[in-house]
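This report covers helix packing, a sheet and a few single residues. The sequence and model are shown here.

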Amino acid sequence: MASGLNMLNRGALTLGIHCQRTCRTVLLSQVREKKRWMKAYTFIMAKKLKLEGPPPPKPRSQHPNWDYHAEVQAFSTRLHENFSLDLLKAAFVNPCYVRVEQEKRKALSVDSETTALVLKDNIELSKKGAEFTQDFLTDWCRASFPSLPSEGLLSIVRHLASPEVVTHVARNLGVEDLTMSAEFPVPDDVLQSTFMAVIGALQESSGAETAGFFLRDFLVTQLIGKDLFDMWTVVDPMGLLVEELTKRSIALPEPRLIRAAGASTVLPLYFVGLYSDKKLLAQGPGETLIAAEEEAARVALQKLFGYTENRRPFDFSPPQQQQQQPRIQSVSSN
């Protein structure tokens with residue numbers, strides 16, 4: 001019995017010594033997750049970035065795995081439009097890019113025949129696209145807001161065709177990545193002309209109707225959530241309201257103070273209502289009586305022009321569905 005216990009104790013001791021040696025070898029063979037030089041390297045690179053600033057942006061064409069022909073085809077497929085690839089490629093070539101490339105080739109001291117760049121710029125396509133865009137937006141605004149005067153229509157068209165709106169749409173559609181320009185990031189005027197050239201290419205490829213749907217889907221939708229008087233600056237809204245009511249043979253408006261709050265404080269608030277023939281036309285708030293009266297006049301003008309916040313949404317459905325909707329409504333009403 002005693003010999004058995006001795007053997008057991010010897011076995012346990014031998015196992016403990018073996019485990020201790022193994023643990024020592026494991027501890028000695030451990031590898032750090034981060035190298036010792038990583039901290040100094042990271043510190044130096046952060047200091048260099050702070051001193052020199054971020055690197056200049058590079059166009060997408062200078063990144064690896066770039067296939068221009070495939071990207072142009074993907075652009076047409078992504079928008080579900082049938083572009084002519086030759087016209088679409090020409091729409092992305094700007095005159096500044098052609099001029100800079102020719103100067104670079106001439107600087108290599110090569111004869112003129114060799115340095116000739118066989119590329120057609122997008123000047124003609126840009127002009128056609130800009131003219132078509134102006135005509136389409138004018139016709140669409142006149143059909144959608146028949147009560148709006150000509151000044152208001154021109155203000156809406158000018159807003160939709162402005163460089164801010166056009167460049168915003170163009171960048172979100174990926175036009176900037178395909179634009180051939182002498183500078184990067186692409187300037188707003190170059191990007192706007194490129195987008196107009198894309199519209200011109202679409203008009204020549206698929207017709208005016210398809211190009212109109214393209215403008216409706218991407219440019220006209222920028223009116224959603226936009227206030228009328230953010231686009232149209234009216235200096236005297238009350239005078240314009242009186243003029244519009246006179247044209248419609250409606251009694252002139254009478255401003256009345258509806259309610260007020262905090263008149264003796266730093267932040268007063270007044271509500272002025274405009275009445276015509278004992279009927280409330282509109283009401284508006286303001287920090288002063290004059291400001292509240294002008295705001296009420298703007299609200300009344302929006303109601304007269306049919307440009308209110310609770311107006312009927314724009315119908316962007318296909319033409320076939322637009323013809324079927326009245327029939328469905330008539331059947332459901334019966």
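## Terms and model

Axes are lines fitted to C-alpha atoms, for helices over the stretch in contact, and angles run from 0 to 180 degrees between N-to-C directions. Helices (H or I, at least four residues) and strands (E, at least two) are DSSP runs, numbered from the N terminus.

This is a predicted model, in which local features need pLDDT of at least 70 and side-chain atom pairs count only at pLDDT 80 or more, while totals for chains, interfaces and linings use all residues. Residues are numbered from 1 along each chain as its sequence is written, and side-chain values use heavy atoms, with hydrogens and water left out.

## Overall make-up

The protein chain has 16 helices and three strands. Of its 334 residues, 32% count as buried (buried means under 20% relative accessible area, exposed over 50%, partly exposed in between, with a 1.4 Å probe and protein chains only). Contact means heavy atoms within 4.5 Å. Among contacts between residues at least 6 apart in sequence, 59% join residues at least 24 apart.

## Helix 11 and its partners

Two packed helices are described by the angle between their axes and the distance between the axes. For helix 11 and helix 12 (residues 208-218), the axes come within 7 Å and cross at roughly 145 degrees. On the helix 11 side the contact is made by F195, I199, L202, Q203 and S206, and on the helix 12 side by A208, T210, A211, F214 and L215. By class, this contact has seven nonpolar, three polar and no charged residues (Ala, Val, Leu, Ile, Met, Phe, Trp, Tyr, Cys and Pro count as nonpolar, Asp, Glu, Lys and Arg as charged, and the others, Gly among them, as polar).

Helix 9 (residues 163-172) also packs on helix 11 (residues 188-206): the axes come within 9 Å and cross at roughly 70 degrees. That makes helix 9 roughly perpendicular to helix 11 (angles of 65 to 115 degrees count as roughly perpendicular, under 35 as roughly parallel, over 145 as roughly antiparallel and the rest as oblique). P163, V166, T167, V169, A170 and R171 of helix 9 meet D188, L191, Q192, F195 and M196 of helix 11. The residues of this contact divide into seven nonpolar, two polar and two charged.

## Helix 8

Helix 8 (residues 150-160) has G152, L153, S155, I156, V157, H159 and L160 as its buried residues. Their cover includes helix 7 (123-144), helix 9 and helix 13 (228-231).

Three strands form an open sheet in the order 1-2-3, with antiparallel pairing (two strands pair if DSSP finds at least two bridges between them). Strand 1 (254-261) and strand 3 (279-286) stand at the edges, each with a single partner strand, so one side of each has no neighbour in the sheet. Strand 2 (residues 269-276) pairs with strand 3 over seven bridges in the antiparallel sense, and Y275 stands opposite L280 in strand 3.

Helix 15 (residues 289-305) lies across strand 1, strand 2 and strand 3, running at about 130 degrees to strand 3.

## Two single residues

Which residues does Q302 contact, leaving aside its neighbours within four places in sequence? They are D227, L228, F229, Y307 and T308. Q302 is in helix 15 and counts as buried, at 11% relative accessibility.

E124 lies in helix 7 and is exposed, with a relative accessible area of 52%. E124 and A201 are 77 residues apart in sequence and 9.9 Å apart in space, C-alpha to C-alpha.
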